[in-house]
Amino acid sequence: MTPLHDLIADEIRRSGPISVARYMELCLLHPEHGYYATRDPFGAAGDFITAPEISQIFGELLGLWLGQCWLDQGAPSPFTLAEIGPGRGTLMADARRAMRVVPGMGEAALLHLIEASPHLRAMQRKTLGDVTHLTDVSALPEAPLFLVANEFFDALPIRQFQRGAKGWAERLIGLEDGRLSFGLGPFMDLDLPGGEGEVIERCPAASAIMAELARRIAAHGGAALIVDYGGWNGRGDTFQALSGHRPVDPLEAPGEADLTAHVDFAPLAAVADAEGCAVGYITQGQLLLGLGIEMRAEKLAASGDETAIGAARRLTHGDEMGELFKALAIWPRNAPPPAGFQPAPRGAVADTER
Ligand code: SAH
């Protein structure tokens, strides 16, 4: 039993079963015992490895992508350069290095990092120097915004609903013989298709964040690139826990495993569309191949980097990260589409259920 287990059990005894969202929030962000608050989960020794930690090429290509968007929109100065959930700061360090080929961009950029974990904020300051840290995207300046987020949205708290014999009910976490266990709340009047036993997920926090980004980008210019694993109108239970690179029971050791859910990009695209942005959606493989990952990997290999070719394959191949991971971009409707993206037909985006 972890210290957080006891705190959660107390909360359930006091006020009843909690939502999956509340559980995720406590496990990931509890100031004392939360997963991100207490550790550096990345890399080979950690619980999972992310694209920027696999290869410097990932951050470099995203940096060049941002640079191209910035030039295409007339090089606004000053502008907000931002990342949500920067982890160790590796992606932004690689991106900023690559952006140096874009004259004037570094001087015009005001770097803002949105990060909840004090521990990771300290790491990011070490990697990136003096940066402005924010807790919430709603505090971002009202200015042109060029933003990236990798493996951030999967960490946002989801609610789950399951269809029982009588209708839909929220999946809740309660106590059974002193142990955390899943159950169902009262039946709800939800108008959703689905057969008995089916689970659907909703992530209200993700939509709220997307609305803040899209409103700024539509009003002041800019672009956002969201990379994560997930799909379009996904269904089913994707709530998962990882510890030491292996899947574990999400209720097993609260605060000690990484908890995530697949990102559903369709409602995020719908929100961005409603806020006035153009939207494009492709796989990570398509994005990185389109941005020239193979050429860059060969160049690094020629200069003695023995891991570059393998890393490029891992990031782009369909059997590895290339298809499970997707990239969603948003930009102003009157600006050219960012490198690698075509605007999705508006009807296809706006009709999605939110
Ligand atoms: N982008 C990094 C790290 C991904 S892990 C990489 O690719 O390696 C998720 C990151 O989001 C961590 O930095 C975590 O502390 C942060 N995070 C999670 N939930 C958050 C929230 N609600 N608000 C701000 N940051 C959050």
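## Surface and overall fold

The chain exposes about 15300 Å², and carbon and sulfur atoms supply 51% of that area. The model is a predicted one. Of the 354 residues in the chain, 54% count as buried.

The chain contains 14 helices and 16 strands. Its radius of gyration is 21 Å, close to the 20 Å given by the globule rule for 354 residues, so the chain is as compact as a globular protein of that length. Taken along the principal axes, the C-alpha atoms fill a box of roughly 65 × 45 × 40 Å. Among contacts in the chain with a separation of 6 or more, 74% are between residues 24 or more positions apart.

## The largest pocket

The largest pocket has a volume of about 670 Å³. It is lined by 39 residues, of which Ile84, Gly85, Phe152, Ala155 and Leu156 are the closest to its centre. By class, the lining divides into 20 nonpolar, nine polar and ten charged residues.

Several elements contribute at least two residues each to this lining: the helices α2 (20-29), α4 (51-54), α6 (90-99) and α9 (204-220), and the strands β2 (79-84) and β13 (258-260). Helix α9 gives the most, with four residues.

## The second largest pocket

The second largest pocket holds about 360 Å³ of space. Its lining has 24 residues, and the closest to the centre are Glu201, Arg202, Cys203, His262 and Asp264. The lining is made up of eleven nonpolar, seven polar and six charged residues.

## The enclosed cavity

A search of the whole structure finds one cavity of 30 Å³ or more. The space in this largest cavity is about 40 Å³. Its lining consists of Tyr23, Cys27, Ala241, Asp249, Pro250, Glu252, Ala253, Pro254, Gly255, Ala257 and Leu259. Eight of these residues are nonpolar, one is polar and two are charged.

Aspartate 94 lies in helix α6, one of the elements that supply at least two residues to the lining of the largest pocket. Aspartate 94 has a relative accessible area of 8%, so it counts as buried, the cut-off being under 20%. Apart from neighbours within four places in sequence, aspartate 94 is in contact with Pro52, Gln56, Gly59 and Glu60.

Valine 349 is found in helix α14, which covers residues 346-350. With a relative accessible area of 1%, valine 349 is buried. Not counting residues up to four places away in sequence, valine 349 touches Ala269, Ala270, Asp273 and Ala344. The C-alpha atom of valine 349 is separated by 30 Å from that of methionine 92, a residue 257 positions away along the chain.

Methods. Residues numbered from 1 in each chain as written. Predicted model: local features only at pLDDT ≥ 70, side-chain atom pairs only at ≥ 80, totals over all residues. Heavy atoms only, no water. 1 Å grid on protein atoms, 1.4 Å probe; cavity = no way out; pocket = protein on both sides within 12 Å on 5 of 7 lines; lining within 4 Å. Points joined across faces, edges and corners; volume = space filled by probe spheres on them. Nonpolar A, V, L, I, M, F, W, Y, C, P; charged D, E, K, R; others polar. Rg over C-alpha atoms; globule rule 2.2 N^0.38 Å. Buried < 20%, exposed > 50% of the residue type's maximum accessible area, 1.4 Å probe, protein only. Contact = heavy atoms within 4.5 Å. Areas by Shrake-Rupley, 256 points an atom, 1.4 Å probe, with all protein chains shown as cover.
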